[in-house]
Amino acid sequence: MSPVHTPLAGIFAAVVTPTHEDGRVDLDAFDRILVFLAGAGVSGFCIGGATGEYPHFETAERLVLIERAARRVPAASALLVGIGAPSVRHVFELGCASVDAGARALLLPMPMFFRYEPQDLEAFALEVTNALRAPCLLYNLPAFTNGLGAETMLNLLRTGEFITGLKDSSGDPENLGTFRTARAGSPWSLLVGDDRLLHAGLEAGWDGGISGIAGFCPELVIGIYRSFVEGRASEAARLQGLLDELIDHVAPFPTPWGIRIGLAARGVPTGPLPLPLTPARRQQIADFDAWFPEWLRRTGVGAGSKR
């Protein structure tokens with residue numbers, strides 16, 4: 001029988017990885033981002049995921065970030081760590097370091113670049129989680145890694161002793177009902193990974209979300225969650241409409257450029273973007289920078305935020 005786990009619930013901000021001009025991780029800027037997000041009241045922090053651009057950084061750099069985040073995340077907040085890497089060896093290294101640092105849970109994305117069969121992915125997930133012996137969330141990220149089908153995820157949730165939940169970034173609304181029904185009292189953590197489905201996920205009985213938008217506009221995403229759990233359904237739906245509007249203005253940028261651009265617009269710069277900027281991209285950023293402050297004023301989002 002699998003051990004009993006307390007499900008994660010709330011809004012967990014996906015944290016970007018700021019850099020210096022030479023591409024090295026900017027640890028001081030990383031600290032400022034954590035302070036900004038903590039001041040907004042997020043339930044926890046997720047580092048090392050797609051929003052953190054994990055393929056861009058060496059394992060040694062990521063180990064430093066894990067240790068630093070563990071020391072700086074407020075005691076009442078949960079630290080979630082993505083442990084995706086190009087090789088199983090590096091996945092284990094990141095996972096062990098995260099466990100030692102006190103991470104509440106590990107996020108396990110599937111291998112990237114090469115395509116694998118579902119049974120390969122099951123074998124990978126079971127071997128990693130059984131070896132780490134720590135709470136692990138399946139991280140379904142089909143836009144960037146091998147995607148997990150619903151049947152494979154359910155098999156893993158039912159058979160993996162240390163697989164305690166799911167972050168689903170597929171954007172597939174059918175998964176909301178499928179996993180709500182399949183959970184049937186099991187202590188799985190079901191977390192929405194596509195911000196457009198946050199309100200629908202809460203209505204379907206999911207526990208919250210790991211949100212990229214919360215990485216630069218946490219007040220809005222937290223507002224949806226709090227409104228929903230407090231029974232203010234119309235307010236939650238209204239705020240989801242604002243979230244959709246914001247996503248429309250972020251979506252033209254490569255993931256997670258929009259989150260880093262949004263942070264800079266709020267006075268929390270994250271350093272240069274990873275590719276040279278074309279004139280068209282510079283114009284897109286200028287357009288966003290002109291639109292976003294007016295949107296904040298018009299909507300009242302972030303009016304009382306701390307920096």
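How far apart are the end C-alpha atoms of helix α11 (residues 279–299), and what span should its 21 residues have at 1.5 Å a residue? The legends below take up this question and several other close-up views of the structure, which is a predicted model.

**Figure 1. Helix α11 and its buried residues.** In helix α11, the end C-alpha atoms are 30 Å apart. Seven names belong to the buried part of the helix: Ile285, Phe288, Trp291, Phe292, Trp295, Leu296 and Thr299. These buried residues pack against α8, α9 and α10 (257–265). In an α-helix there are 3.6 residues a turn, so residues three or four places apart point the same way. After α11 comes glycine 300, with a positive phi near 80 degrees.

**Figure 2. The pairing of helices α8 and α9.** Helix α8 comprises residues 218–229 and helix α9 residues 233–250; their axes come within 8 Å and cross at roughly 160 degrees. Because angles over 145 degrees count as roughly antiparallel, α8 and α9 are roughly antiparallel to each other. The crossing of α8 past α9 is left-handed. On the α8 side, the contact is formed by Leu220, Val221, Gly223, Ile224, Ser227 and Phe228, while α9 contributes Glu235, Ala236, Leu239, Gln240, Leu242, Leu243 and Leu246. Sorted by class, the residues of this contact between α8 and α9 are nine nonpolar, three polar and one charged.

**Figure 3. Serine 234, a residue of helix α9.** Serine 234 belongs to helix α9. Its relative accessible area is 64%, and serine 234 is therefore exposed, since exposed means over 50%. Serine 234 and tyrosine 139 are 95 residues apart along the chain, and their C-alpha atoms are separated by 30 Å.

**Figure 4. The pairing of helices α5 and α6.** The axes of helix α5 (residues 150–159) and helix α6 (residues 174–183) come within 11 Å, crossing at roughly 25 degrees. This angle makes α5 roughly parallel to α6, because angles under 35 degrees count as roughly parallel. The two helices, α5 and α6, form a right-handed crossing. From α5, the residues Ala150, Met153, Leu154, Leu157 and Arg158 meet Asn175, Thr178, Phe179 and Ala182 from α6. The contact of α5 with α6 includes six nonpolar, two polar and one charged residues.

Figure 5. Alanine 184 is located in the loop between α6 and β7 (189–192). Its phi is near 45 degrees, which is a positive value in a residue other than glycine. Most residues other than glycine have a negative phi, and most peptide bonds are trans. With a relative accessible area of 67%, alanine 184 is exposed.

Figure 6. Apart from neighbours within four places in sequence, glutamate 53 is in contact with Thr17, Pro256, Arg260 and Pro274. The phi of glutamate 53 is positive, near 55 degrees, in a residue other than glycine.

Figure 7. Proline 256, one of the residues in contact with glutamate 53, is found in the loop between α9 and α10. The peptide bond that leads from threonine 255 to proline 256 is cis, and its omega is near 0 degrees.

**Figure 8. The pairing of helices α1 and α2.** Helix α1 (residues 27–40) packs with α2 at an angle of about 40 degrees, the two axes being 11 Å apart. This angle makes α1 oblique to α2. The crossing of α1 past α2 is right-handed. In α1 the contact involves Leu27, Asp28, Phe30, Asp31 and Leu34, and in α2 it involves Val64, Leu65, Arg68, Ala69 and Arg72. By class, the contact of α1 with α2 consists of six nonpolar, no polar and four charged residues.

How values were computed. Residues are numbered from 1 along each chain as its sequence is written. This is a predicted model: local features need pLDDT of at least 70, side-chain atom pairs count only at pLDDT 80 or more; totals for chains, interfaces and linings use all residues. Side-chain values use heavy atoms; hydrogens and water are left out. Contact means heavy atoms within 4.5 Å. Axes are lines fitted to C-alpha atoms, for helices over the stretch in contact, and angles run from 0 to 180 degrees between N-to-C directions. Helices (H or I, at least four residues) and strands (E, at least two) are DSSP runs, numbered from the N terminus. Angles under 35 degrees count as roughly parallel, over 145 as roughly antiparallel, 65 to 115 as roughly perpendicular and the rest as oblique. A crossing is left-handed if the near helix is turned anticlockwise from the far one by less than a right angle, and right-handed if clockwise. Ala, Val, Leu, Ile, Met, Phe, Trp, Tyr, Cys and Pro count as nonpolar, Asp, Glu, Lys and Arg as charged, and the others, Gly among them, as polar. The expected span of a helix is 1.5 Å times one less than its number of residues. Buried means under 20% relative accessible area, exposed over 50%, partly exposed in between (1.4 Å probe, protein chains only).
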